[in-house]
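Hi,

Here is the structure I promised to pass on. Have a look at it first, and then read on for what turned up in it.

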Amino acid sequence: ITAVAQNITRFDFADYSLQLAKNGERSYELRESGAEASERLNRLVIEGEYEAYILDKANDLGIDCASADVAVQWDTEGVWVPYSAQISCECGEQERGELSDIIEAELGIPAERQQWS
């Protein structure tokens, strides 16, 4: 009993509470970084879906598009919405206008936030 009691009296409770606080802070940081990574992954997946949609619509119109890059923005309703697009296509003005109209009507990206090359 004396051996056990001696260890308890030598126990540094101040250091123990400091370590508990540090562990709690580290746990919080890990949870936050996990949430940020999840949000970033969701955003990338959603951007990829919008990009694929634009390429599919271009294909339906017979337009040869090399790429479409869509940037999304967090909406006040708590969802990612398309904000701007960069489209690289080989097409005439009429085809570009048709695809631009579809992007504006279907995705809500106005022509002034569409960059074409």
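The largest nonpolar core has 15 residues, and those touching the most other members are Ile54, Cys65, Ile87, Leu99 and Ile103. Two or more residues of this core come from each of helix 2 (13-60), strand 1 (64-74), strand 2 (80-90) and helix 3 (93-107). Please keep in mind that this is a predicted model.

Beyond its neighbours within four places in sequence, isoleucine 54 is in contact with Ala68, Val70, Ala85, Ile87, Leu99, Ile103 and Leu107.

Next, the aromatic rings. The whole structure holds 1 aromatic pair. Its rings belong to tryptophan 74 and tryptophan 80, and the pair is edge-to-face because the planes stand at 75°, with the centres 4.9 Å apart. Tryptophan 74 is partly exposed at 48% relative accessibility, whereas tryptophan 80 is buried at 13%. Tryptophan 80 also has arginine 43 over its face, 6.0 Å from the ring centre. Elsewhere, tyrosine 83 has the charged end of arginine 113 over its ring, 4.2 Å from the centre.

Finally, do look at glutamine 114, which belongs to strand 3 (residues 114-116). Is glutamine 114 buried or exposed? With a relative accessibility of 7%, glutamine 114 is buried. Its side chain reaches the backbone oxygen of isoleucine 109 at 2.8 Å. Not counting residues up to four places away in sequence, glutamine 114 touches Ala85, Ile87, Ser100, Ile103, Glu104 and Ile109.

Enjoy exploring!

Best wishes

Notes
Residues are numbered from 1 along each chain as its sequence is written. This is a predicted model: local features need pLDDT of at least 70, side-chain atom pairs count only at pLDDT 80 or more; totals for chains, interfaces and linings use all residues. Side-chain values use heavy atoms; hydrogens and water are left out. A nonpolar core is a set of buried Ala, Val, Leu, Ile, Met, Phe, Trp, Tyr and Cys residues joined through side-chain atoms within 4.5 Å. Buried means under 20% relative accessible area, exposed over 50%, partly exposed in between (1.4 Å probe, protein chains only). Helices (H or I, at least four residues) and strands (E, at least two) are DSSP runs, numbered from the N terminus. Contact means heavy atoms within 4.5 Å. Rings of Phe, Tyr and Trp (its six-membered ring) pair if their centres lie within 6.5 Å; planes under 30 degrees apart count as stacked, over 60 as edge-to-face and the rest as tilted. A charge sits over a ring if NZ of Lys or CZ of Arg is within 6 Å of the ring centre and within 35 degrees of the ring normal. A polar contact is a pair of N or O atoms within 3.5 Å; within protein, one must be able to donate a hydrogen and the other to accept it, and residues adjacent in sequence count only if both atoms are side-chain atoms.
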